[in-house]
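Colleague: Could you take me through this model? I have a few quick questions.

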Amino acid sequence: MLMTRIIPTTGLFILILLTGLVYWPGLQGGFLFDDQSNLAGLAHYRDSGQWKDIQQFITSGFAGPTGRPIALATFIPQAYSWPISAYPFKLVNLAIHLSCGILIYWTIRLILLSYGYIEKKATWIALLSCGFWLLHPFFVSTTLYVIQRMAQLPLLFSLLGMIGYLRGRALLTRRPLHAYIIMTLSISISSILATYSKENGALLPLLILIIEFCNPTKVNKPIWYWRAICLWMPSTVIAALLFHYIDFSENPWPYRSFNQAERLWSEARIICSYLYQLFIPRIEGYGLFQDGYYISKGWLNPVTTLISIIFIIFLLGFAFAIRKKYPLICLAILFFFAAHLIESSVIGLELYFEHRNYVAAIFLFLPIAAGLYNLSERTKSSSVIFISCLILIILAWMTWQRVILWSDTTKLQVYWAQNNPESVRAQSKLAEILMQHGRSQEANQVLEQAIACHPDSSLLIQLLKQKIDIGKVSKQDFLRLQHQILKQNADGAAIWGLRGLVDKIIKDQKLTRLYAQEMTELLTNLIKYNKSYRDYPNFYALSNYLQAQLFAALELPHKAYQNYLRAAVQYRDVSAALAMVADLGNKGYYKLALQLLTKIELIYQKQLKDEVMYKRIAEDLRKNIQADMEADKMHVYHKDK
C-alpha cells in the first residue's frame with residue numbers, strides 16, 4: 001500500500017517539475033494585448049502604496065459584470081514591477097498552472113474512487129490524465145498571458161470546490177451531517193471565489209451535477225432535496241440567465257460584427273476547432289489575434305458550419321447513449337460542453353479564445369488515460385508505459401517549442417501578424433513594432449494594405465498618429481478618418497485610438513495649433529451624425545472630456561469649462577469629475593476650476609456626503625486651487641480675463 005502511494009507521488013512530482021522546466025523560458029516574455037488596459041491601475045498603488053489605491057484597483061474591473069475583484073487582487077503583490085517586467089506576473093501564473101495540475105490529479109482520483117475504481121487504478125489514471133493536461137501546448141497562451149490569470153483562478157477554485165464536494169460525499173454513510181456541511185460550504189465558497197475571478201466560475205454547481213450524473217454507482221449519493229437546493233437551483237439560475245440573453249434580432253450587439261445567430265453558427269465550428277487542436281496538438285496556433293476569424297453567415301456558409309453542428313449533436317447523443325457503459329467518455333464530453341456554456345453560446349463575447357478551454361478540457365484526456373491503463377492489463381505493461389511516456393515527452397517538446405516563441409514578445413506578435421493577415425489587431429501590432437524599429441515607411445504600408453482589405457477606423461487613427469510622428473500628416477488625412485469613422489459602428493479600439501490621438505495633440509504646442517481644431521470637429525461630428533458612437537457607453541461623456549482638453553490646449557478656457565461640466569454630469573462618477581477640476585486648475589484656469597468644483601459639489605451632493613473620502617478630496621482640491629490662485633494672481637488675471 002505504501003509503495004502504491006509513494007510511486008504515484010513521485011510521478012506527480014516529476015510531472016510538476018518537468019512542466020515547470022518546460023515553461024521556465026516563457027517567463028522572460030512581456031505584457032500582451034489586454035494586459036495594459038486591465039492592469040494600468042497598478043501604477044497608482046505602485047507609486048503611492050496607499051490602501052485606497054488598492055481598493056480603487058480591485059473595484060475598478062471592467063472585463064465582466066462582476067468586475068473580477070478576486071483575480072485583480074492577486075495582481076497587487078506584483079505591482080512593484082508594473083509595467084517594467086512581466087516576469088513576476090508570469091511566475092505566479094505558472095505557479096497557479098502547476099497547482100491546478102495537482103488539484104486535477106486529486107479531483108480525478110476522487111471521482112474515479114466514487115465511480116467504483118480501485119485505488120491503484122484510480123491513482124495511475126489520474127496521474128496520466130493530469131500529465132496530458134499539464135503538458136499540453138494549447139494552454140501556453142493561458143499560462144503565459146498575464147491577464148488570463150482570470151481564466152486560471154476559476155479553475156483553481158472550482159477544483160477546490162469539487163474536491164471538497166467529493167471528500168464530503170465519501171463521508172455520507174459514516175458522518176452525514178459533517179458530510180453535508182463540507183459539501184455545502186465547499187460549493188458555496190468556491191463558487192463565490194471562482195465567479196468573482198471570472199464569471200464562468202458560476203458553472204461549478206452544474207459541473208458537479210455532471211460528475212454526479214455520469215456516476216455509474218448509487219453509493220453515497222446525496223439526498224434529492226440537498227441536490228435540488230445546492231446543485232439544481234444555481235444551475236437553473238444560470239440557464240435562466242442565458243435564456244434571458246437570447247436575442248435573434250438583426251443587430252443585438254451594435255459593437256460586434258456578428259449577430260446572435262451568426263455567433264452560434266460560428267461557435268459550432270470553433271468548438272470543433274478546439275477539440276481538433278486538443279486531440280491533434282500543434283506548436284502554435286493563431287494566437288490572441290482572432291478578430292479576423294471567419295464568421296458563419298448561415299447553415300451552409302461555410303459548409304463546415306452544418307458539419308460541425310451535426311458532429312456536436314452526435315457527440316452529445318453519443319455521450320448520453322454510453323453513459324452507463326462508458327461513464328468516463330460521457331463525463332469528458334458533457335463536462336467539456338457544459339464548461340463552454342457561458343463563453344461559447346448566446347452572450348455577445350468575441351468569438352475565439354484558447355483560454356476558454358482551460359476549464360473545459362480538464363477531463364477530456366481521462367478516457368485516453370483510462371484506455372491506456374486498461375490496455376496495460378491486457379498486454380505488456382512496459383509497452384503501455386513506453387507509449388504513455390512517449391505521449392508526455394511529445395507534448396512536453398511541443399509545449400517547450402511554443403514557450404520559446406512566447407519568450408520573445410516581439411517575435412511572437414510578428415509571427416501572429418504574418419499568420420493572421422485577416423486580423424486588424426495583428427496588422428496594427430505589426431505596424432507598431434515596425435515604427436518602434438524606425439521602419440515608418442513599412443509601418444505605413446502595412447496599415448494601408450490592411451485598410452484596403454478592412455476599412456477599419458482604428459487603423460486609420462493609428463496611421464494618422466504614425467504620420468504625425470514622422471511629420472507627414474495633412475488635413476486630408478483628418479478628412480479621410482472622419483469620412484470613414486462616421487459610417488462605421490462604434491469600436492472600442494477606435495475609441496482608445498481617439499484618446500491617444502488627442503493626448504498626442506495636446507502635449508505638443510505645434511501639433512495643438514495645427515490639428516486641435518480638426519480633432520474637435522471630428523469629435524463633434526461623431527456624436528452628431530453617428531448614433532452607434534452616441535449610444536456607446538460613456539462615449540458621449542468621453543467626447544466632451546476630450547474636447548475640453550483640446551479647448552484648454554487652444555487657450556479657450558470657457559469652452560473647456562462647458563465641456564468639462566457636460567462630461568462631469570454624464571460620467572456620473574465623482575472621482576472622474578474631481579479629476580476634471582484638477583485638470584482645469586493645473587492649466588491655470590483657477591476661477592473656472594473653482595466654479596466647476598462648486599457645480600460638481602451640487603451635482604454629486606449625496607455621493608460626497610456618503611463617501612467621506614471624496615468630500616475630503618474636494619475640500620483639499622479647493623484649498624490647493626485657492627492657494628495657487630493667491631500665489632499667482634497676475635497669472636490668474638491673464639488667464640481668466
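Colleague: Is Val574 buried or exposed?

Modeller: Val574 counts as buried because its relative accessibility is 0%, where buried means under 20% relative accessible area, exposed over 50% and partly exposed in between, with a 1.4 Å probe and protein chains only. Please keep in mind that this is a predicted model, in which local features need pLDDT of at least 70 and side-chain atom pairs count only at pLDDT 80 or more, while totals for chains, interfaces and linings use all residues. Residues are numbered from 1 along each chain as its sequence is written, and side-chain values use heavy atoms, with hydrogens and water left out.

Colleague: And which helix does Val574 lie in?

Modeller: Val574 lies in helix α29, residues 574–586; helices (H or I, at least four residues) and strands (E, at least two) are DSSP runs, numbered from the N terminus.

Colleague: Changing topic, where does α12 bend?

Modeller: Helix α12, residues 224–244, bends by about 40 degrees at Trp232, and the proline Pro234 follows within four residues. The bend at a residue is the angle between axes fitted to the seven residues ending there and the seven starting there.

Colleague: What do the buried residues of α12 pack against?

Modeller: They pack against α9 (149–170), α10 and α11, with contact meaning heavy atoms within 4.5 Å; among the buried residues of α12 are Trp226, Cys230 and Leu242.

Colleague: How many salt bridges does the structure hold?

Modeller: The structure holds 19 salt bridges, each being a side-chain nitrogen of Lys or Arg within 4 Å of a carboxyl oxygen of Asp or Glu. In one of them the side chains of Arg169 and Glu212 meet at 2.6 Å, N to O, and this pair links distant parts of the chain, with Arg169 in helix α9 and Glu212 in helix α11, 43 residues apart. Arg169 and Glu212 are both buried.

Colleague: What does Lys467 form a salt bridge with?

Modeller: Lys467 pairs with Asp477, their closest N and O atoms being 3.0 Å apart. Lys467 is in helix α22 (residues 457–469) and Asp477 in helix α23 (residues 475–485), so the pair ties together parts that are 10 residues apart in sequence. Lys467 is buried, with a relative accessible area of 16%, and Asp477 is buried as well, at 13%.

Colleague: Last one: which residues is Asn200 in contact with, leaving aside neighbours within four places in sequence?

Modeller: Asn200, in the loop between α10 (176–195) and α11 (204–213), is in contact with Pro154, Ile342, Glu343 and Val359.
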